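Grab the model, try each task, then read the solution.

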Amino acid sequence: ASIFLIVMNVAFLKFGVVEPEDFAHEGNSFLERMRHSSSFELVRQIKTFIMTFTTMEGLPNDFSSYLQRFMEEISRMLIDHSQWREEGEKGLKDALEALERYLLQKLYSTAFYIPTSTDSEDDEKFYHRVRMLQFLQPDHFDIPTRQYNQLAFEMSAQELSRLEEDVLKSPKEKLQCVINAVIIIINLLKHSDTGEMTGADDLLPNLIYLLLVTSPKHIHSNLRYIRRFRRPSMLTSEEAYYLTHMESAVMFISTLDHNSLSISKEEFLRGVQDAEERIKQGRDVPRRFSKAVGWNNVLSVTNQMFQEQTGSQSPSTTSSTRGSQSSTTDQYKLVEEEEEEEEDGRDKPHLPTEGDTVAFPIMDGIEKEDLGITEGIVTVTSPTLHLLPSVKDCIIPKLLQTRFEELTIQDLKQMYTCYQTMAKQIEVIEQ
């Protein structure tokens, strides 16, 4: 049942998250229409633009302005074009989205690495800065313990890290990585206290700490790429809000000192000096979460919601509550060496057979007595009640053999899919 709650927590934190790969299909219709004979002049202009863009010289704003002017010209052409004349506003918007994606995929090596920009130098300075600030912890940014959730920050950091993937080349795809990272933090904050939406004063410190956790190597290049080549009219107010907050967090890190943190001047300078020495000696390691913290706080975000449904606290959250007396700094402690694997004598996990007992969540609308459920445990006592074996390629037994700290977000997604499948089969059994 605890695993199920964790999977549900992942789903809750990722509510509103859109995978950048989902945009890949947008250009199919556009490219098909471009092959029509009536689009000959349009194709000619696009080819000319690409050739000019890849050979032009100038400042970053020159490249940005050239692309935006071309997009405006094409926008006017599409309004009267026979292939899009009857499409309406949404059809034209989809066509321009597809064109922007197509152009920036072709021009990525030129648009992302503009020779006259200072992006690379600024990236290097920021990355060095982040490495020197790895000693900072959530309490230094006045992030309350109730707002901190290890799983949420790991998930958000994973989304933000996708900016580094060159496979995502369009401004829209890169922007979605930023949006996803911010959305996960917002989902965390929504239910971390009173359940009310938190403001910018709560969001910014969390994004600053997120950047320290993620340690991106090309954050300036990616954010400026989005600003330069994402068409302003396609940027919604909500997207602009997320992007601006991430830019503000980057700027804060670039200029912060002890005066802007809850830390003494002596402690701050000592931390920076120690980090510099470690960097010189090649001993610094990427920030990672401590296994000493473990997963005790994983369920803390939505625990209140689950208590209302089940009337009890999960074992993980209960143990977290018992350990809450420790100091904030100790709670966020980092470790520098992997802990040794612990060996135990437990039997290897296996699919349940008749007579076995397996942990399984209690579903709404199902009487426990009907399925032999006692406090979240299903006893498989009949050949007709084979829940897990009926799920094809079930990943849960495999995951049960993995240290929980090593599970990836993809593993949890697959686990959630398995639980959904089993839930549907319970409905069949109930009927």
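**Exercise 1.** At what angle do the axes of helix H6 (residues 119-132) and helix H11 (residues 237-255) cross, and within what distance do they come?

Before starting: this is a predicted model, where local features need pLDDT of at least 70, side-chain atom pairs count only at pLDDT 80 or more, and totals for chains, interfaces and linings use all residues. Residues are numbered from 1 along each chain as its sequence is written, and side-chain values use heavy atoms, with hydrogens and water left out.

*Solution.* 
- Step 1: the two axes cross at roughly 70° and come within 9 Å. Axes here are lines fitted to C-alpha atoms, for helices over the stretch in contact, with angles running from 0 to 180 degrees between N-to-C directions. Helices are DSSP runs (H or I, at least four residues), numbered from the N terminus.
- Step 2: H6 and H11 are therefore roughly perpendicular (65 to 115 degrees).
- Step 3: Phe126, Arg129 and Val130 of H6 make the contact (heavy atoms within 4.5 Å) with Val250, Ile253, Ser254 and Thr255 of H11.
- Step 4: sorted by class, that contact has four nonpolar, two polar and one charged residues.

**Exercise 2.** Which residues of H6 are buried?

*Solution.* 
- Step 1: buried means under 20% relative accessible area (1.4 Å probe, protein chains only).
- Step 2: in H6 that gives Asp119, Asp122, Asp123, Phe126, Arg129, Val130 and Met132.

**Exercise 3.** How do helix H7 (residues 150-161) and helix H8 (residues 171-190) pack, and at what angle?

*Solution.* 
- Step 1: their axes are 7 Å apart, at an angle of about 170°.
- Step 2: that makes H7 roughly antiparallel to H8 (over 145 degrees).
- Step 3: H7 brings Ala152, Phe153, Met155, Ser156, Glu159 and Leu160 to the contact, while H8 brings Cys177, Asn180, Ala181, Ile184, Ile185 and Leu188.
- Step 4: by class, the tally is nine nonpolar, two polar and one charged residues.

**Exercise 4.** Is helix H10 (residues 219-229) largely enclosed by the rest of the structure or largely open?

*Solution.* 
- Step 1: the buried residues of H10 are Ile219, His220, Ser221, Asn222, Leu223, Tyr225, Ile226, Arg228 and Phe229.
- Step 2: nine of the eleven residues are buried, so H10 is largely enclosed by the rest of the structure.

**Exercise 5.** Is Ser75 buried or exposed?

*Solution.* 
- Step 1: find Ser75 in helix H4 (residues 60-80).
- Step 2: its relative accessible area is 15%, so Ser75 is buried.
- Step 3: leaving aside neighbours within four places in sequence, Ser75 is in contact with Leu96 and Arg231.

Technical notes:
Helices (H or I, at least four residues) and strands (E, at least two) are DSSP runs, numbered from the N terminus. Angles under 35 degrees count as roughly parallel, over 145 as roughly antiparallel, 65 to 115 as roughly perpendicular and the rest as oblique. Ala, Val, Leu, Ile, Met, Phe, Trp, Tyr, Cys and Pro count as nonpolar, Asp, Glu, Lys and Arg as charged, and the others, Gly among them, as polar. Buried means under 20% relative accessible area, exposed over 50%, partly exposed in between (1.4 Å probe, protein chains only).
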